[in-house]
2 protein chains.
Amino acid sequence: MKNRLAKRNSKVSSFYVMELLRLAKQLEAQGVDVIHMEIGEPDFPTPSTIINAGIKHLQSGEVKYTPAAGLPELQNKISSFYLKRYGVSIDQRRIFVTPGASGAFLLAFAVSLNPNEEVLMADPCYPCNSNFATLFGGNTKSIPVDASTHYQLTAEQIKKHWSSTAKGALIASPSNPTGTLIPPEELKKAINAVNDLEGCFYSDEIYHGLVYDQTAQTALMYSDNVFIINSFSKYFGMTGWRIGWLIVPNDFIEATEKLAQNIYIATSTQAQYAALAAFDEDTLSELEDRRLQFAARRDFLYENLLRLGFEIPIKPDGAFYIYANCKKFTDDSHQFALDFLAKEGVAITPGIDFGKYEAHHMLRFSYTTSLDKMTVAMKRLERFIQQR
Amino acid sequence: MKNRLAKRNSKVSSFYVMELLRLAKQLEAQGVDVIHMEIGEPDFPTPSTIINAGIKHLQSGEVKYTPAAGLPELQNKISSFYLKRYGVSIDQRRIFVTPGASGAFLLAFAVSLNPNEEVLMADPCYPCNSNFATLFGGNTKSIPVDASTHYQLTAEQIKKHWSSTAKGALIASPSNPTGTLIPPEELKKAINAVNDLEGCFYSDEIYHGLVYDQTAQTALMYSDNVFIINSFSKYFGMTGWRIGWLIVPNDFIEATEKLAQNIYIATSTQAQYAALAAFDEDTLSELEDRRLQFAARRDFLYENLLRLGFEIPIKPDGAFYIYANCKKFTDDSHQFALDFLAKEGVAITPGIDFGKYEAHHMLRFSYTTSLDKMTVAMKRLERFIQQR
């Protein structure tokens, strides 16, 4: 039988962490107490206010399709949230409620990216972002970044790497895997650079809210001519619900609406009704408490990794990741992660999942687990390093 | 500012029915009692067993990501359902739980369709199916079909229209908009034809279960080398939950898994837990009662449309649509639908939403509303026709 797979499949990168997950499950099946520091999902449950709103909606029995762009009431609440948190006023017709940030990326690239056009992204970055471009025949131009620019693209890099096939640039702040924020002045310059080049600026803001020493700034503070990808998954603790949002520039509203109708009809109705409670004072107060817990975990993990000899040239500002250089111990971080899991039962993600630049020296540690478990994990890490 | 929209947007067809929906909402705002016979959504609520399973899961608070292919328990239930209902045994690794049939189509075409490759489809057919091909740079070859083939593609047509750029053929049975089933022998021949041509056979089975005088046959009864698109939306009454499934041939399992991880991470967790109850005896018994109600509605609508002078050369077997020829009254079914709504407050869908062939003579009537309301709608239709 001939190979009928579409050619794009060979360009879609695999997650190396999946191999680790399989190994982790095998170990757990053998009774090993595996500590998960590879996971990009908060360990906290969905806030009870949101759960209760979901239950209340289900009890009504009316789980019908909503408009493709989402419940107008939810679009309105998102718009109000931007005014309150960032001081920016957003026409709610620009807001599309989507099946997770995944749906937002899908829609953003579907509406704007032609085959063979290029999106500039930092290396390291979250691998799915690049795969969404691949899906539509687009390409990613990965630009190595380091601590000197907070692991973020700069306006200078964007201008330097912009080619005739470039369509836009993506900045994720806080970044996955580095947890670093782009400084406000740099964000503004990067947006201006892309606008001057008449490209599309995609701002991945899914870790907004999970920022510990300062406040994240939305790209909307500097321009209306940007795509914003956001999600109820991380800060609002709604991963499994699959709900996020996309904000588009004015000239993309009509085409985005048509695509949304075609690509997914509408986002999960019960997730939308539940998300109506996400902006309640009670919810935000619970989320603030969690944010402080994440901050304490970050400090703990950061101090311990430094103490053990990992290099972290810039302290992460947000998200729940630390991207640490392990060159003191190995030139093969992937093997290091596999060995660490096999010997000590702690799962972490190898740098190779996030790009090529220095990836063999890098490891991503997630602090989506308790301080107690991380304390054990750090003891295991210390022993593992000493025994190498 | 230059036009930054991706070129594919101009190829994605609009739904003409959206214009009617806007008009309908205006009328309703003015207090007009609009009867909706344009909607592709059952009027019944989600069965209470499914709702209760959803509530019970939410009460656990653990709404985390599931594996990309879905909860193994749900994959297993779907597999058992195929054995019980159709007598076919399906390896559950071939089953991917998806965000609605939309997610299933997205995945099926993403994994198999290259840019510039063609999918053969019947004209008329559901417009989104064609737009999913467009999304990935593929094309649709629309083949006019009529009552002589139950509005379904035949093996002969597939062979005749197969070109060097053809990748596969899509058959939707029961069809939207015609409600007609492909005869079992013809389904088998069509699958064999596509397999002989080494193409992909896509079987849209989202209206299975809603079949009134016979039993629908799944393409899996004739070959394992097929893509099955199905959904919990229509028969199981779970539209707003956004959950469906895709079954792929063995050689597509690995690539489909990788794409699913990238495109949507996982399907809504609470929808999956709720859907675990979809195959319970209590649920199926409630659904059987609804099926009988739909059958009665079909008979009522069919007889009334014939009585009023519409041509329906073949009685629909399933789904909840009647595709009726109105050439006795007009050569512009789109204008007919607009006028009927404006004058009588009944919304129906013009043929132009489903293709080009004879579209100006065709109207789709949905029987997703009660017999009482349809009785009023038929009186209004009679008056409308008499006054023309």
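Two residues are in contact if their C-beta atoms, placed from the backbone, lie within 7 Å. This is a predicted model: local features need pLDDT of at least 70, side-chain atom pairs count only at pLDDT 80 or more, and totals for chains, interfaces and linings use all residues. Residues are numbered from 1 along each chain as its sequence is written, and chains are lettered from A and ligands numbered from 1 in the order in which they are written.

**Stop 1: the two chains**

Show chains A and B together. Their contact takes 57 residues from chain A and 57 residues from chain B. Now select α3 (48–60), α5 (100–112), α6 (127–135), α9 (253–264) and α10 (269–275) of chain A. Each supplies at least two residues of the side that touches chain B.

**Stop 2: the symmetry**

A rotation of 180° with 0.0 Å of shift along its axis does it, at RMSD 0.0 Å. That is the relation of a two-fold axis. The same surface serves both copies, as 100% of the contact residues of chain A recur in chain B.

**Stop 3: a helix pair**

Select α2 (residues 17–29) and α12 (residues 333–344) of chain A. Their axes, lines fitted to C-alpha atoms over the stretch in contact, come within 10 Å and cross at roughly 10°. The helices α2(A) and α12(A) are therefore roughly parallel (angles under 35 degrees). Show A:Leu20, A:Leu23 and A:Ala24 in α2(A). They meet A:Ala337, A:Leu338, A:Leu341 and A:Ala342 in α12(A).

Key: Axes are lines fitted to C-alpha atoms, for helices over the stretch in contact, and angles run from 0 to 180 degrees between N-to-C directions. Helices (H or I, at least four residues) and strands (E, at least two) are DSSP runs, numbered from the N terminus. Angles under 35 degrees count as roughly parallel, over 145 as roughly antiparallel, 65 to 115 as roughly perpendicular and the rest as oblique. Copies are superposed by least squares on the C-alpha atoms of residues with pLDDT of at least 70 in both.
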